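Subject: Structure handover

Hello,

Please find the structure below, followed by notes on what was found in it.

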Amino acid sequence: MKKAKKIIIIVLAVLLAIVLGLVGTFLILTYVGKSQFHDADTHISAEEVTIEDETTITYNGKKYTLNENIVSVLVMGIDRENVNENFGSGNNGQADVIFVATIDTETKRTCIIPISRETMVDVNLYTQDGKFAGTKHEQLCLAYAYGNTTEQSSQNVLTSVKRLLYGINISSYVTIEMEGVEKLTDLVGGVEITSLETLNSKKLPLTKGEKVTLDGYKSRLYIKYRDDDVEANARRMARQKQFLSALMNKTSNEISNDYTKLATLYTAISPFFNSDISFAQIAYLAQNCLTMNFGDTLQYKTIGGTLTQGEKWVEFEADKESALQTVIDVFYLPK
């Protein structure tokens, strides 16, 4: 009996050590993940802003502190298939959907900053062999075309978005092809929406106010359809915003009801996206956000500006004051 008790104690001790080791490893991972999200945090750079110290700025006579709990990721939807295949600099497609997603890990507030693909911004240009060839003030969506790899193309969009948002730190990116959105929609059983406008689409004719459940194929049509007038992309962005909220709400509910679905969904859509988010960052997000109902907590901060018809394409010039106020509202706290 004494020998049996000793064996049991040894086994329990080993199990406890393993558990503590796993807990310790997870804690280290989450710490590293948080550090990776924030290791490049810095104040915005704008003439209208006075930097008081490492954490405080003054804008319009008010003081603000940089919110150390904000995690930010640039999300891009690409208008091509085989997102991980390289077609050469200048030929890698365009970023059709662009938005910055932020999560306050303290308050669990989720905020989306949608950015028009037509936004005029300085874009880095590169030659076919990858050499820097200067910058050009052109549509943001074109930034993705430059780069010999998905990573380079994504980073190029990220660079331009940071310029638009006064240099605020956006630590990571996720690039997904539209087929991935289609796949995810089907996996969660479709998404119900009320059409925001009448679509004169042969493949998806809809009347404004009509309720419809979108499967993967229809969802792709709903968020990609665009007319030819100046306001067409603005209306499409409104549909994308509506669909994203509905999809995130449906997905988070599915995961909340069965956590094993997270792995299933991730495995299914992984061939359709590329990201520089590390495993440690994923662990940090999982610790803070796994039980959040994203669809119900999504907030949107839209940057104002002016739409005009350029020589070839529609151009959106962001209002500088609106862009600056958006960054302060999302990334700073009133002091």
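Is K301 buried, partly exposed or exposed? K301 is partly exposed, with a relative accessible area of 27%; buried means under 20% relative accessible area, exposed over 50%, and partly exposed in between (1.4 Å probe, protein chains only).

Before the rest, the conventions. This is a predicted model, in which local features need pLDDT of at least 70 and side-chain atom pairs count only at pLDDT 80 or more, while totals for chains, interfaces and linings use all residues. Residues are numbered from 1 along each chain as its sequence is written, and side-chain values use heavy atoms, with hydrogens and water left out.

Overall picture

The protein chain has nine helices and 16 strands; these are DSSP runs, helices being H or I of at least four residues and strands E of at least two, numbered from the N terminus. Of its 335 residues, 46% count as buried. The chain exposes about 17300 Å², and carbon and sulfur atoms supply 56% of that area (Shrake-Rupley method, 1.4 Å probe; for residues, only the protein chains shown count as cover). Among contacts (heavy atoms within 4.5 Å) between residues at least 6 apart in sequence, 64% join residues at least 24 apart.

Salt bridges

With a salt bridge taken as a side-chain nitrogen of Lys or Arg within 4 Å of a carboxyl oxygen of Asp or Glu, the count comes to eleven. K301 takes part in one with D329, where the closest N and O atoms are 3.8 Å apart. D329 lies in helix α9 and K301 in the loop between β13 (298-300) and β14 (305-309), so the pair ties together parts that are 28 residues apart in sequence. D329 is partly exposed, at 29% relative accessibility.

E118 and R226 form another, with 3.5 Å between the closest N and O atoms. E118 sits in the loop between β6 (110-114) and β7 (120-126) and R226 in the loop between α4 (216-224) and α5, so this pair ties together parts that are 108 residues apart in sequence. E118 is buried at 4% relative accessibility, whereas R226 is partly exposed at 35%.

In the pair R235 and E197, the closest N and O atoms are 3.1 Å apart. The pair links R235 in helix α5 to E197 in the loop between β10 (191-194) and β11 (211-214), 38 residues apart. R235 is partly exposed at 27% relative accessibility and E197 is buried at 10%.

Helix α3

T185 is in helix α3 (residues 178-187) and is buried, at 0% relative accessibility. The buried residues of α3 are M178, G180, V181, E182, L184 and T185. Not counting residues up to four places away in sequence, T185 touches several others, including L214, F243 and L247. M248, in helix α5 (residues 232-257), is 63 residues from T185 in sequence and 9.8 Å away in space, C-alpha to C-alpha. Just after α3, G189 takes a positive phi of about 85°.

Backbone

Most residues other than glycine have a negative phi. N60 is not a glycine but has a positive phi of about 55°; N60 is found in the loop between β2 (56-59) and β3 (62-66) and is exposed, at 58% relative accessibility. Y166 also has a positive phi, near 60°, and lies in the loop between α2 (150-164) and β9 (172-177). Y166 is buried, with a relative accessible area of 16%.

Regards
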